[in-house]
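Colleague: Please show me the model. Then let us go through it step by step.

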Amino acid sequence: MITLLDIATPVVEESKDFVNGLDTLWVLLGAILVFWMQPGFALVEAGLTQAKNTANILMKNFVDFMFGSLLFWILGFSIMYGAGNDWFGWEGFGFIGEDSNVPAECTFIFQTVFCATAATIVSGAMAERTKFSMYVIFSVLISALVYPIEGHWSWGGGWLSEMGFHDFAGSTVVHLAGGAMALAGAIVLGPRVGKYSKDGKSRAIPGHNLVLCALGVFCLWMGWFGFNPCSTVAATGYDNAVSMSHVFVTTNMAAATGGIAAMLYTWLVDKKPSLSMVCNGVLAGLVGITAGCDCVSIGASAIIGVVVSLVMCLSVSFVDKVLKVDDPVGAVSVHGVGGILGTIAVGIFCDPEIDGVEASLGVQALGAAAVFVFCFAAGFIIFKVLDKVHGLRCDRIIEEEGLDVYEHGETAYN
Amino acid sequence: MKKIEAIIRKTKFEEVKEALLNSDIDWFEYHDVHGIGQSRQERVYRGVQYSTDVIQRIKITIVCREVVLEPTVKVILNIAHTGKVGDGRIFVSDVLDCYSIRTGENGDTVLRDKK
């Protein structure tokens, strides 16, 4: 089976003869579906925040994809997949690689949508209080440098891949990376005005539209059918057919059990089954299964969904009430915590008979820890520097009256 | 002429509307109103408990001739009633005058029977 890793190793000889139409269609279909996660994130983040900031959060989601597409082409792809050392690639800037079983540009567009996904996770945690200009700069840096560097470690032939670290579609590379930077951003920014009372008690700031949020989660769920199964990057032959189908089932199962776990958790603890937490639970299950969707059994995927979702529910309260970090959409818990647990779960549940993958618990934990530390540190430094130089946070009056009017001059609802 | 302002449950609005249309009233306005009272509703948002004191009701405003005041009030009293706390209130006040913009005439003849 051809994995993401193999794309990096140049398959030069007679490569054009091997370019395979069916594989290409499959990967391009995947690119469409992963692109579909962009509206998903946009809707979830818009729905879980206040109506006065809706145009702003939608703009941020556009910025992530627009600048991600540009910067990943100029710099990112070369740093992530270019030949280099164990830590980063450094080859062929603005050039998009070699044909393998699919054309180089097919690989490139598929990796571009993944990059944009990592970037867009951060906007939710920093919602409702960040200067738009500062967010644009951050979005450029994440697509050009931070994501490609840590991505090179696992998927570009770097030190983690040499140790046998297994992250099939990006629990760590995409989601944990986004979650870690989201945490750094939310810490540097501080909580929204009115989020905590004078004695430090957490207050609810209900999202303005759970219809948007729920629709967004369904979009993401659908998009994940490209994110995970199409990461086989090959569709020809019976082995690939089996693998693709297996990934579809494990991906869906973890989403379903993740949602169920969050529903039962809120029903028992808060006395009412909460829609917004079920939305997060589904996403946590999806994030959790992403690393091991090819190599764990269906039963294991159900367990992963439940465990990741339950820990995510605890984490939402922990981040909110104990750490007192204001994360309006739960990005840190869903993507950060979900990413860590999903990656470690590969070391526990990985079954070599399913996909020939062998993973060790230690290496999985090390990989997750390394990416978390790197992305958190990189995010923290970038945000601190932006804060010192220009101020990361918007003025209080803008925050109170809404970013839409002051930053963009147009409101989402008229 | 009298003005009747009735704050009623949202769930009772359709029934009250039907009854008013079948009585001597040819026009009324209504608004969604938010009130603050003594009752509190406990809610949970993403694990954070909070209570909301906002109570949603509909306010109907009717200006009518004095002869139809009593039957109109009775209609609302009967139909908007459930017997539980929160059924609402009816306020009645005097109206000085009333003009028809189309004809320019004034006085309570403007508020004609609909027949």
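Modeller: Two terms come first. Two strands pair if DSSP finds at least two bridges between them. Helices (H or I, at least four residues) and strands (E, at least two) are DSSP runs, numbered from the N terminus. This is a predicted model, where local features need pLDDT of at least 70, side-chain atom pairs count only at pLDDT 80 or more, and totals for chains, interfaces and linings use all residues. Residues are numbered from 1 along each chain as its sequence is written, while chains are lettered from A and ligands numbered from 1 in the order in which they are written.

Colleague: How many bridges join strand 1 of chain B to strand 4 of chain B?

Modeller: Strand 1 of chain B covers residues 2–8. It runs antiparallel to strand 4 of chain B. The bridges joining them number seven.

Colleague: Which residue in strand 4 of chain B is the bridge partner of B:Ala6?

Modeller: Look along strand 4 of chain B, residues 88–94. There, the partner of B:Ala6 is B:Ile90.

Colleague: In what order do the four strands of the chain B sheet lie?

Modeller: The sheet is open, with antiparallel pairing. Strand 2 (29–45) and strand 4 of chain B are the edges, each pairing on one side only. The order is 2-3-1-4.

Colleague: Where in chain B is confidence highest?

Modeller: pLDDT is the predictor's confidence in each residue, from 0 to 100. Strand 2 of chain B is lowest, at a mean of 86. The highest mean, 96, belongs to strand 1 of chain B.

Colleague: Which helix gives the most to the side of chain A that touches chain B?

Modeller: Contact means C-beta atoms, placed from the backbone, within 7 Å. Chain A brings twelve residues and chain B six. With three residues, the top contributor is helix 13 of chain A.

Conventions:
Two residues are in contact if their C-beta atoms, placed from the backbone, lie within 7 Å.
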